[in-house]
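Open the model in your viewer and have the selection tool ready. Each stop below says what to select and what is there.

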Protein chains: 2
Amino acid sequence: MRDVFQQELHEVQERLVEIAELVAASMKNATTAFGDVNVELAEQVIEEDARIDELALSLDELAIQILARQQPVARDLRIVVSALRMSASLERMGDMAEHIAQLARYRFPERVVAKGLRGTFRKMGELDVEIVGKLVELLRTQNLTFAEEIRDIDDKIDELHVSVFDKVLSEKWSGSIGDTVDATLASRYHERFADHAVSIARKVKYLSTGEWAPDISATKKSAE
Amino acid sequence: MRDVFQQELHEVQERLVEIAELVAASMKNATTAFGDVNVELAEQVIEEDARIDELALSLDELAIQILARQQPVARDLRIVVSALRMSASLERMGDMAEHIAQLARYRFPERVVAKGLRGTFRKMGELDVEIVGKLVELLRTQNLTFAEEIRDIDDKIDELHVSVFDKVLSEKWSGSIGDTVDATLASRYHERFADHAVSIARKVKYLSTGEWAPDISATKKSAE
């Protein structure tokens, strides 16, 4: 029974990695579509999000079956419950990538990002791709160094998020109203994407060390 | 054992209702603070969100303990797992109310909402207060009529959300860049608040009827 359970946990872990890899590919394509005015790539991201949703649902089903069949307690139980939550966060990360792609598609053939913000969004996109890459590694290896790196990358993304508003509200901003709306939404999507990565990293860390930091700071700062 | 389990499920339900009531009060105050330039009320909402977070965490703890002690299967198991998810959604609804209050506080002593959008945001706020009121009733009574009403109110909120962008992007819009940023964020917070209510209503319905509609449409449409 114990062996079956370990096997099932391993399967859960593999599926989390698989979903995270799809989210990583999705964010990479979304940022390219967003920066390079590539509507085909944007449509691909939008289409492929359904696959992420499907895999997340199916992982939830597996986790519920494990709870029913194995009746885990203590740390084992927390691992399975955490998997349910991580799957929800990964699903939302996929949605954020999709939203970024939708902005690109909506604006096509124009660029989404107005002059003056292109460098900022390019950097934000790169950092989001980097953070989900670290997340894949964290889920695969359970090496907590990646959790620290995720925290650090998130700090940089938060700084860029604040800087987007500083730029948009400065006298130098020459973007249209549409540019302002898009920049506001895009910045929030990029920032929320990273928040979810931090939230998952926190859960992995908790399962490994037992030190629980409630998932609150990540949601608080998303208010700017 | 069965009786204890039923009692514990009852406790879970009561706690969900309690949190939903706090979220309802929070949204009511947030919309007032937002519409009436009331910074004290805004600060109260921001402060009291910590209480919602705390209660959600403590409900999660209870749900995990029930899983460990009672080892529920089949529908009982799904009820407890759903409670974990509903608690996460309620916690996010509290965050959205807090974000709206933060916009009000940040802009004080000015109004957040520029002329031309006041009626729209007043209506959105009223509908968000209404939707969370229906949610409290749904959680309390498990009467699925409330789930239908929640769905209908959400449709109206989505229409208003789209209309905010139509107005902001129209030639008549005379708001500043700051007004545009605030309207974009506020509209999204109002709309996400309602999405979470729909997501919870869908789970209640599923537990009652066994008909599962994956929680996907609610996240899809949040991309406008």
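Start by selecting B:Asn143, which sits in the loop between α4 (118–141) and α5 (145–169) of chain B. Bear in mind throughout that this is a predicted model. Is B:Asn143 buried, exposed or partly exposed? Its relative accessible area is 34%, so B:Asn143 counts as partly exposed. Then pick B:Asp182 and compare positions along the chain and in space. B:Asp182 is 39 residues from B:Asn143 in sequence, and the two C-alpha atoms are 37 Å apart.

Stay in chain B and select B:Arg107, which is in helix α3 (residues 74–107). B:Arg107 counts as buried because its relative accessibility is 14%, and the cut-off for buried is under 20%. Which side chain does the side chain of B:Arg107 contact? Select B:Asp179: the two side chains make a polar contact of 3.3 Å.

Move to chain A and select A:Glu40, A:Glu43, A:Glu47 and A:Glu48 together. These four residues form a negative surface patch. One of them, A:Glu40, lies in helix α2 (residues 39–70) of chain A. With a relative accessibility of 57%, A:Glu40 counts as exposed.

The next stops are salt bridges. Side chains of opposite charge can pair when their charged atoms come close. How many salt bridges does the structure hold over all chains? There are 34.

For one of these, select A:Glu21 and A:Arg140, whose side chains meet in a salt bridge with an N to O distance of 3.2 Å. A:Glu21 counts as partly exposed at 35% relative accessibility. A:Arg140 also counts as partly exposed, at 42%.

Now select A:Arg151 and A:Asp154. They form a salt bridge, and their closest N and O atoms are 3.2 Å apart. Both residues lie in helix α5 (residues 145–169) of chain A, three residues apart, which is about one turn of the helix. A:Arg151 is partly exposed at 25% relative accessibility, whereas A:Asp154 is buried with a relative accessible area of 0%.

The side chains of A:Arg151 and A:Asp155 meet in a salt bridge of 3.6 Å, N to O. Why are these two separated by about one helical turn? The reason is that A:Arg151 and A:Asp155 are four residues apart in helix α5 of chain A. A:Asp155 counts as partly exposed, with 35% relative accessibility.

For the last stop, select A:Arg107, A:Glu110, A:Asp179 and A:Asp182. Salt bridges that share partners join these four residues into one network.

Notes:
Residues numbered from 1 in each chain as written. Chains lettered and ligands numbered in written order. Predicted model: local features only at pLDDT ≥ 70, side-chain atom pairs only at ≥ 80, totals over all residues. Heavy atoms only, no water. Buried < 20%, exposed > 50% of the residue type's maximum accessible area, 1.4 Å probe, protein only. Patch = residues over 30% accessible without salt bridge, like charges linked within 9 Å, V, L, I, M, F, W, Y side chains within 5 Å. Areas by Shrake-Rupley, 256 points an atom, 1.4 Å probe, with all protein chains shown as cover. Lys, Arg positive; Asp, Glu negative; His and termini not counted. Charge placed at Lys NZ, Arg CZ, Asp CG, Glu CD. Polar contact = N/O pair within 3.5 Å; in protein donor to acceptor, adjacent residues only side chain to side chain.
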